[in-house]
Amino acid sequence: MSNHDGIPEDAEARRAIRPVICYPDDGLPAVDLGRYRAARPGAAKVAEVTVPPRDARAFHVPAGHFFRISSVEGPQVGDLNLWNAANLEEKFFSGKTRALHGTHVTVGDRLWSCLPFLRPMATVVEDTLGWYGTDAYGGRVHDVIGTRCDPYTHQLLSGGTYHHCCHSNLTRALAEETGQAVGEAEMRVHDVLNVFMCTGFTADTGQYFMKASPVRPGDYLEFFAEIDLLGALSACPGGDCSAEHSSDAAACYPLLVEVFRPADGAIAGWSSPAVNAYDRSHGTK
Ligand SMILES: [Zn+2]
């Protein structure tokens, strides 16, 4: 039964059905933040990389180390890619991370690798923007919604050519780090964690929005590396992403990546997670 508008008579009843969480938190392996936090105070800095504005840099983080991404000179968003350092086919899976943890990540959430690996690559252990929560527009910080700004979408929408989108920056950084040709490295670049970016969906139209990041110099997001990682971070040409990207118009600042090694034995009981246990037969056996 429906009225002449094609709206069924029980439309409101259907809309009123309560949602269920797709992946309840209690189905995931427990995160022992206490173990990580106990290991952090004695950790020593072993490497640092400064990411120039509108550019990207690669960095290595051994399993069992911490890495911190900091705002240093002004509000700046970073686009993060992660790979298994020993196998670049295992890379960060923003879509499943979003499905498991929500649209934005913070302390206790993990960055998961793609299929068929699907294991934690890194765990968020500190977030100085954790206070931000959810603003009146539905905005939150550190999203796994957006993909990364790229020259193809820019070409599609504006007809222009721009070479310093995060996709291109990450491509150059990976090519330089691995010695791969640019075209080969590009195929390894993937959807990002938007570090410090403040985003959401409009309540009325469901459109993806961004707004000026609340990040200020001194703020940071810190991770524990669960496996040996190769990372690449782009300081987005959008700067604080308050207005536009894919251009040189926005004020942009560097980002700092630091790597810390815990003292020997400080993370007793921790072991690097194995790849997913599914047998990969897909019903063919
Ligand atoms: Zn970008």
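Valine 49 stands opposite valine 257 in strand 13. That pair belongs to a predicted model, in which strand 1 and strand 13 (residues 255-261) run antiparallel and are joined by seven bridges.

**The chain as a whole**

- The secondary structure of the chain comes to six helices and 13 strands.
- The radius of gyration of the chain is 20 Å, which agrees with the value near 19 Å that a compact globule of 285 residues would have.
- Taken along the principal axes, the C-alpha atoms of the chain fill a box of roughly 70 × 50 × 45 Å.
- Of the 285 residues in the chain, 41% count as buried.
- Among contacts in the chain with a separation of 6 or more, 73% are between residues 24 or more positions apart.

**The annotated region**

- An unreviewed UniProt entry carries the annotation "domain: DUF1989", which covers residues 50-230.
- Over residues 50-230 the chain is 19% helix and 34% strand.
- The end C-alpha atoms of residues 50-230 are 16 Å apart.

- Six strands form an open sheet with antiparallel pairing, and their order is 1-13-3-11-7-6.
- Strand 1 (44-51) and strand 6 (110-112) stand at the edges of the sheet; each has a single partner strand, so one side of each is left without a neighbour in the sheet.
- From one strand to the next, the twist averages 25°.
- Strand 3 (residues 66-71) runs antiparallel to strand 11 and is joined to strand 11 by five bridges.
- Strand 7 (residues 120-127) also pairs with strand 11 in the antiparallel sense, over five bridges.
- Phenylalanine 223 in strand 11 has phenylalanine 67 opposite, and valine 124 likewise stands opposite phenylalanine 223.

**Strand 11 and tyrosine 220**

- Strand 11 (residues 220-225) is largely enclosed by the rest of the structure, because six of its six residues are buried.
- In a regular strand, side chains alternate between the two faces of the sheet.
- Tyr220, Glu222 and Phe224 point one way from strand 11, while Leu221, Phe223 and Ala225 point the other way, and all are buried.
- Tyrosine 220 has its place in strand 11.
- Tyrosine 220 counts as buried because it has 20 C-beta neighbours inside 10 Å, and 20 or more is the cut-off for a buried residue.
- Apart from neighbours within four places in sequence, tyrosine 220 is in contact with Arg68, Ile69, Ser70, Glu126 and Thr128.
- Tyrosine 220 and leucine 255 are 35 residues apart along the chain, and their C-alpha atoms are separated by 9.7 Å.

- Strand 12 (residues 229-235) is mostly covered, with seven of its seven residues buried.
- Both faces of strand 12 are covered: Leu229, Gly231, Leu233 and Ala235 lie on one side and Leu230, Ala232 and Ser234 on the other, and all are buried.
- Strand 2 (residues 56-61) pairs with strand 12 in the antiparallel sense over six bridges, and arginine 57 stands opposite leucine 233 in strand 12.
- Strand 4 (residues 78-84) pairs with strand 12 in the antiparallel sense over seven bridges, and asparagine 81 stands opposite alanine 232 in strand 12.

- The buried residues of helix 3 (residues 94-101) are Ser94, Thr97, Leu100 and His101.
- Strand 6 and strand 9 (193-201) are included in what covers the buried residues of helix 3.
- Glycine 102 follows helix 3 and has a positive phi, near 115°.
- Helix 4 (residues 151-158) lies largely in the open, because the number of buried residues among its eight is zero.
- Glycine 159 follows helix 4, and the phi of glycine 159 is positive, near 80°.

Technical notes:
Residues are numbered from 1 along each chain as its sequence is written. Two strands pair if DSSP finds at least two bridges between them. Helices (H or I, at least four residues) and strands (E, at least two) are DSSP runs, numbered from the N terminus. Axes are lines fitted to C-alpha atoms, for helices over the stretch in contact, and angles run from 0 to 180 degrees between N-to-C directions. UniProt positions are given in the numbering used here, feature names are shortened, and annotations may be inferred rather than shown by experiment. The radius of gyration is taken over C-alpha atoms; the globule rule is 2.2 Å times the number of residues to the power 0.38. A residue is buried if 20 or more other C-beta atoms lie within 10 Å of its own, exposed if 12 or fewer, and partly exposed in between; C-beta atoms are placed from the backbone. Two residues are in contact if their C-beta atoms, placed from the backbone, lie within 7 Å.
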